[in-house]
Amino acid sequence: QEHLVESGGGLVQPGGSLRLSCTASGIALAFFAVGWFRQAPGKEREGVSCNDASGTYYADSVKGRFTISRDLYKNEIYLQMDSLKPEDTAVYYCAADAPIAIHSTQHMCVEKWTHDFWGRGTQVSVSS
C-alpha cells in the first residue's frame, strides 16, 4: 500500500511557480511530522522543508520562496514553490515521521536519513 503519493510536478520556466501535493492514505498526517525532500541527478538528497507541531524548517536555498502547508481534512501536505530557479530542478519526495522519531524539524530535514513513510516522488524541472 502506498501511504504517500506526490503530484503537481512538471516543467516550468525560471521565475515561475508550482504547487506540489502529497496525499496520504492509511495514516493521519495530523499525527505526524512531515517534510519535503529533493534529489537532483548526481547530488545528495536535500531536506527542503519539514514541519511539526513545534514549527517549520526551511533549507537556506529555498527560504522565502517555498512554503509548506497542511490540509488536515484532505489529509494532504503541500509545497508552494515560487520564484523557481533552474537549480530547483529535482525529484521531490514527501515523507512523514512519528513525532517520537525526530528531535526537531531540522533534525528531520537535515540529519535523519530514514523516514517512517516515503512517497515515490514527482519530477520538477525548471528551464527556459
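C50 and C109 form a disulfide, with their sulfur atoms 2.2 Å apart; a disulfide here is a pair of cysteine sulfur atoms within 2.5 Å. This is a predicted model, where local features need pLDDT of at least 70, side-chain atom pairs count only at pLDDT 80 or more, and totals for chains, interfaces and linings use all residues. Residues are numbered from 1 along each chain as its sequence is written, and side-chain values use heavy atoms, with hydrogens and water left out.

Student: Is C109 buried or exposed?
Tutor: Buried means under 20% relative accessible area, exposed over 50%, and partly exposed in between (1.4 Å probe, protein chains only). C109 has 6% relative accessibility, so C109 counts as buried.

Student: How many disulfides does the structure hold, and what pattern do they follow?
Tutor: Besides C50 and C109, C22 and C94 form a disulfide, their sulfur atoms 2.0 Å apart. That makes two disulfides in the structure. Counting bonded cysteines along the chain, the pattern is 1-3, 2-4.

Student: How far apart in the chain are C22 and C94?
Tutor: Look at the strands: C22 is in β3 (residues 18–24) and C94 is in β9 (residues 90–97). The pair links distant parts of the chain, and the separation is 72 residues.

Student: What is the angle about the S-S bond in each link?
Tutor: The link of C50 and C109 is right-handed, with 95°. The link of C22 and C94 is right-handed too, and its angle is 60°.

Student: Which side chain of opposite charge is nearest to R45?
Tutor: R45 lies in the loop between β4 (33–39) and β5 (46–52). Lys and Arg count as positive and Asp and Glu as negative, while His and the chain ends are not counted. R45 is buried yet has no salt bridge, meaning a side-chain nitrogen of Lys or Arg within 4 Å of a carboxyl oxygen of Asp or Glu. The nearest side chain of opposite charge is 8.3 Å away, and that is D97.

Student: Which backbone oxygens does the side chain of R45 reach?
Tutor: One is reached at 3.2 Å and belongs to K112. The other, also at 3.2 Å, belongs to W113.

Terms used:
Helices (H or I, at least four residues) and strands (E, at least two) are DSSP runs, numbered from the N terminus. A polar contact is a pair of N or O atoms within 3.5 Å; within protein, one must be able to donate a hydrogen and the other to accept it, and residues adjacent in sequence count only if both atoms are side-chain atoms.
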